[in-house]
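Hello,

I am passing a structure on to you, and you will find it just below.

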Amino acid sequence: MFEALSGKLTGVFERLRRRGALNETDVMEALREVRLALLDADVALPVVKDFIAKVRERAVGQEVLDSVSPGQQVVKIVNDVMVEALGGAGAVGLNLNAPAPIPILMVGLQGSGKTTTSGKIALRLSQRLRRKVLLASLDTQRPAAQLQLQQLAERAGVGSLPIVAGQTPLQIAARAMETARREVYDVVILDTAGRLSIDAALMEEVKQIRFATNPAETLLVVDAMTGQDAVNTAKAFNDAVGVTGIVMTRMDGDARGGAALSMRAVTGAPIKLTGSGEKLDALEDFHPERVAGRILGMGDVVGLVERAAETIDQAEAEKLARKMAKGTFDLEDFAAQLKQITKMGSLSSILGMLPGAAKLQQQIGDANLDQKMLRRQAAIISSMTAKERRTPDIIKASRKKRIAAGSGTTVQDVNRLLKQFDDMSGMMKRMNKLGQKGLMRHGLS
Ligand code: GDP
């Protein structure tokens with residue numbers, strides 16, 4: 001998500017920064033390009049207008065134009081306005097300030113990812129915050145829905161309300177709250193029925209459940225891929241039943257991102273969480289300043305470090321670093337490193353967090369940034385013998401053929417991997433030498 005928008009904006013800013021002095025016309029020209037980029041990304045027109053007006057107001061003052069780096073100043077102003085549009089600084093977390101059992105009501109259209117998100121939130125609250133969570137499906141429309149939630153609960157290792165046939169959503173909600181009180185649950189996640197489109201009956205049902213359970217959060221789940229429709233849906237839900245937060249799913253898709261930028265202005269409700277995959281741990285907090293950083297090509301280094309800290313095995317990483325320093329890094333270690341990278345998520349999602357990512361992705365192309373490639377490389381290494389991994393030099397034509405056949409790849413694939421490994425070991429050796437020289441210099445001075 002955001003790649004196209006980010007690519008365009010980064011281009012505008014680069015041109016702006018390259019010029020030393022700026023006059024009002026330069027800034028207006030750049031803003032025209034920003035406006036087009038936002039519209040192309042599907043940001044709602046009133047939001048774009050407001051955005052540009054705010055930037056213009058702050059950017060054309062003499063103070064900015066006369067400053068030492070006017071281009072940089074304009075970029076900063078765009079960044080500030082974007083952070084505001086996304087909801088202001090800092091992530092807005094879930095509100096859990098209520099007496100237990102705390103009800104959280106999940107609402108949204110069918111297929112938006114509501115049930116999956118219920119499971120994700122349950123997993124997060126039970127794992128990170130050690131809360132005892134009960135999942136209850138109030139979906140009496142789709143027979144399979146209650147079973148789906150029950151299976152999710154099992155996968156997340158949280159409780160689920162036993163299914164009783166023939167109850168109305170309101171009766172199920174009441175039973176969920178009773179069960180939670182009796183069995184001392186901290187949080188009850190109530191997953192309501194979705195509809196294919198907004199209709200009066202759906203809104204009425206949600207309103208009644210909301211009135212009966214008085215939830216601490218009414219979270220609306222919307223699909224980022226539906227663009228402007230997601231914003232319209234959110235507005236309709238908010239006007240009819242009132243929502244306290246939005247969860248935007250499918251941020252891992254290639255949506256143009258405009259919905260995320262319009263959401264706050266159009267609905268007034270903050271985006272609290274985002275979904276970035278089908279797995280239960282693919283749930284992220286929404287940090288407006290980090291998202292703005294990614295859109296403007298400044299990267300989300302904090303997010304990257306956090307993700308790394310969560311997924312990378314520290315002891316393993318240190319072991320690899322020591323081997324690198326000693327120059328004894330072999331293909332076995334290379335495979336271990338690939339595994340760690342794979343755990344962090346798709347390469348393009350990692351790259352997306354790096355400064356200047358949009359440009360890099362355009363240069364490399366998406367095809368190479370694939371989990372598949374990593375898996376293929378791991379397969380190649382696992383088709384080698386232990387000796388081959390320790391001393392890759394012995395891998396000549398016939399061994400290459402065997403390895404390619406064993407891993408379902410081609411000899412070219414094997415060659416590419418060996419070349420990569422060679423390049424990497426070469427780089428490490430050079431770095432080591434430099435490091436030692438540096439140490440010697442220190443020692444002598
Ligand atoms: P519901 O009808 O709103 O309850 O939707 P579901 O939770 O059943 O989700 C519909 C489909 O979307 C399922 O296949 C989910 O795995 C998938 N899904 C949900 N959230 C995400 C997400 O953040 N990213 C991706 N790629 N898929 C998602």
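**Two crossing helices**

Helices α8 and α9 cross in a right-handed sense. Please keep in mind that this is a predicted model. Helix α8 covers residues 169-182 and helix α9 covers residues 200-213; their axes come within 10 Å, at a crossing angle of roughly 25°. Since angles under 35 degrees count as roughly parallel, α8 and α9 are therefore roughly parallel to each other.

Which residues make the contact? From α8 they are P169, L170, A173, A174 and M177, and from α9 they are E205, Q208, I209, A212 and T213. Sorted by class, the contact of α8 with α9 has seven nonpolar residues, two polar and one charged.

**A loop residue, A44**

Have a look at A44 too, in the loop that runs between α2 (24-40) and α3 (45-59). Is A44 buried or exposed? It has 22 other C-beta atoms within 10 Å, and 20 or more are needed to count as buried, so A44 is buried. Leaving aside residues up to four places away in sequence, A44 touches Q228, V231, S262 and V266. For S262, the C-alpha to C-alpha distance to A44 is 5.9 Å, although 218 residues separate the two in sequence.

**An annotated stretch**

Finally, an unreviewed UniProt entry places the feature "domain: SRP54-type proteins GTP-binding" at residues 270-283. In the model, the chain over residues 270-283 is 43% strand and 0% helix, with its end C-alpha atoms 16 Å apart.

Note on methods: Residues numbered from 1 in each chain as written. Predicted model: local features only at pLDDT ≥ 70, side-chain atom pairs only at ≥ 80, totals over all residues. Helix = DSSP H or I, 4+ residues; strand = E, 2+ residues; numbered from the N terminus. Buried ≥ 20, exposed ≤ 12 C-beta atoms within 10 Å, placed from the backbone. Contact = placed C-beta atoms within 7 Å. Axes fitted to C-alpha atoms, helices over the stretch in contact; angles between N-to-C directions. Parallel < 35°, antiparallel > 145°, perpendicular 65-115°, else oblique. Left-handed = near helix turned anticlockwise from the far one by under 90°. Nonpolar A, V, L, I, M, F, W, Y, C, P; charged D, E, K, R; others polar. UniProt positions renumbered as here; feature names shortened; annotations may be inferred.
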